[in-house]
Amino acid sequence: MFTSWNLIRLGTVLIYLFMFAPVAVVVLLSFNSSQFGSFPMEGVSLRWFEALWDNQAIVRAFQTSLLLGALTAVISTTLGVLASLAMVRYDFPGKTLIATALIAPILVPEVVLAVALLLFLGAMGVPKSFPLLLAGHVIFTLPFVILVVQARLVSVRRDYEEAAMSLGAGPIETFFQITLPLILPAVLAGGLFAFTISFDDITGTLFWKPGGVETVPTQIFAMLRNSISPEINALGTVMIIVTVALPLLGAAAARRLGRKQRGCPAHKRHAGTGSDRTLRRH
Amino acid sequence: MASLDPMDNAWRPWRLLAPALSAIFLLLVVPVAFIVVYSFWLRTATGADIAGFHLDNWIEVLTDPFYRDIMGFTIWIAFATTVVCAVAGYVPAYFIATTQFKHKAFLLLLLMLPFWISYIIRTMSWINILGSSGIVNAALIWIGLTDEPIQMLYNQWTVIVGLVHFLLPFMILNIYVSLYGIDRNLVDAARSLGCTGWQAFREVTLPLSLPGLAAGSLLCFVLGAGTYITPLVLGGPTDAMFANLVFDAIITQLNWPLGSALSLVLLILLGCVVAVYNRFAGMGQIAKSFG
């Protein structure tokens, strides 16, 4: 047993190496001063990052990706939070069917979704454009937002909402004063998830993007087809920083937020002090 | 929730659902219905569409051996990827689920990390590893095993490596979720009844983790079979998968009716896989891994 456990441990280390070594090599090579950006490394330099900064196409791709990701996150999270509230807080006929419908965009292969949306909106007179990209990104990030937000919402107790309602708050007032602050970590998590999925997407984006507009992933893809320029590794590193650091910061912020909420003594909260105080302002 | 008007209460969930459901209806359901209709149209050489009910696209897609071979190749790649992911993914999932290691949470966090790292970056990172000026060739030349770089990239095996690299976290996470839910007492009971460690694993742990294994396999197969970027980046000129055909028909040849038929074939194939899975396991298992 002891030796087979060691084998499992060794296997785990190897699998983790397999998952992370290639990415680590990208980061390592992005600091390579060699002209070809490959092994052997000659020295450490930031020249490829400077080259990125001077490359107008890449800067523009970053702007496009950031704007697209932010808009996707806002729209997708709004739709997703409302739908999740309905799914977690209410019972209604046809709920299982609705649950399947809400995650349908992940069940359909992204290529098929991309083709269907492109051709249908094309027939409706919407050309390949930024709005088409945005519609596409919203529809396929939506299920992920709903899954994440639902998972978090389940653990948010509804006593506070009921207390607020019984004290005379309307549903909308209750939502903004009680529910939203309570589920804020879930909302942020959903938004960040939508942002990173949108920021990373290439499969649908290549179908929907108009000529001349590139997002960061399609820009990398285009650069890959020409030649393996060392700039790509630097671009990869920047992208890893954006997509990894952001969620980590988000998670840290959510944890702090959660701690602050939980920090309030339990018996006071149960007495309804929290909701009472917010209501008294009116 | 407390509300004075019972009718109002019954409508509230639908009002909350309305924006999301209408988005899904308008941007998914109607478009898919649209390409079903469109696949029966014809595109003439001049680029005009002939509306109507023509079976030509479907006959071409279903009978031409060219499409059939690529479909076979796609299924092979997705299947091989899934098997490799299942075998390779079980080990770390089992380790994380059973270890007393104090940095377990850190291992789990690392597992989530690839979800946040761009797919295109992870795919192209293999060029740095296996390419002619990559780390493996540099090492081989340095040791003196070879003078010229060995061509390792751009074949079906590197496509599988790239896909496994992309999909492994999905598999590990799903297996971990089901392993985590197993009552440890069951394994102890099996051991006390005389099972060896391996027997206890085979008779108790493995069967109980099958739901996670199945959910992970479904995700790997469906996502693997629908990809067209990995074969473009890591495959050779003959390693086109089915989604590459769709992309060519739609974007390069601009034959939209044919592209519609091709993407529906992919949808039906993967839909059957999902339906079989749903029949035996249910979709709930996949949602669990988001918890």
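Q: Which pattern does chain A follow, read along the sequence?
A: In this predicted model, the secondary structure of chain A comes to 13 helices and 0 strands. Read along the sequence, the pattern is therefore made of helix symbols, given that helices are numbered from the N terminus. It runs α-α-α-α-α-α-α-α-α-α-α-α-α.

Q: What share of the contacts in chain A with a separation of 6 or more joins residues 24 or more positions apart?
A: Chain A has 282 residues, of which 44% count as buried. Among its contacts with a separation of 6 or more, residues 24 or more positions apart account for 77%.

Q: Which helix of chain A gives the most to the side that touches chain B?
A: Contact between the chains involves 73 residues of chain A and 69 residues of chain B. The chain A side divides into 57 nonpolar, 11 polar and 5 charged residues. With 13 residues, the helix that gives the most to that side is α1 (residues 2–30).

Q: Where does α9(B) bend?
A: Helix α9 (residues 197–225) of chain B spans only 36 Å between its end C-alpha atoms, whereas a straight helix of 29 residues would span 42 Å. A proline, P211(B), follows the bend within four residues. The bend is about 45 degrees, at L210(B).

Methods. Residues are numbered from 1 along each chain as its sequence is written. Chains are lettered from A and ligands numbered from 1 in the order in which they are written. This is a predicted model: local features need pLDDT of at least 70, side-chain atom pairs count only at pLDDT 80 or more; totals for chains, interfaces and linings use all residues. Helices (H or I, at least four residues) and strands (E, at least two) are DSSP runs, numbered from the N terminus. The expected span of a helix is 1.5 Å times one less than its number of residues. The bend at a residue is the angle between axes fitted to the seven residues ending there and the seven starting there. Two residues are in contact if their C-beta atoms, placed from the backbone, lie within 7 Å. Ala, Val, Leu, Ile, Met, Phe, Trp, Tyr, Cys and Pro count as nonpolar, Asp, Glu, Lys and Arg as charged, and the others, Gly among them, as polar. A residue is buried if 20 or more other C-beta atoms lie within 10 Å of its own, exposed if 12 or fewer, and partly exposed in between; C-beta atoms are placed from the backbone.
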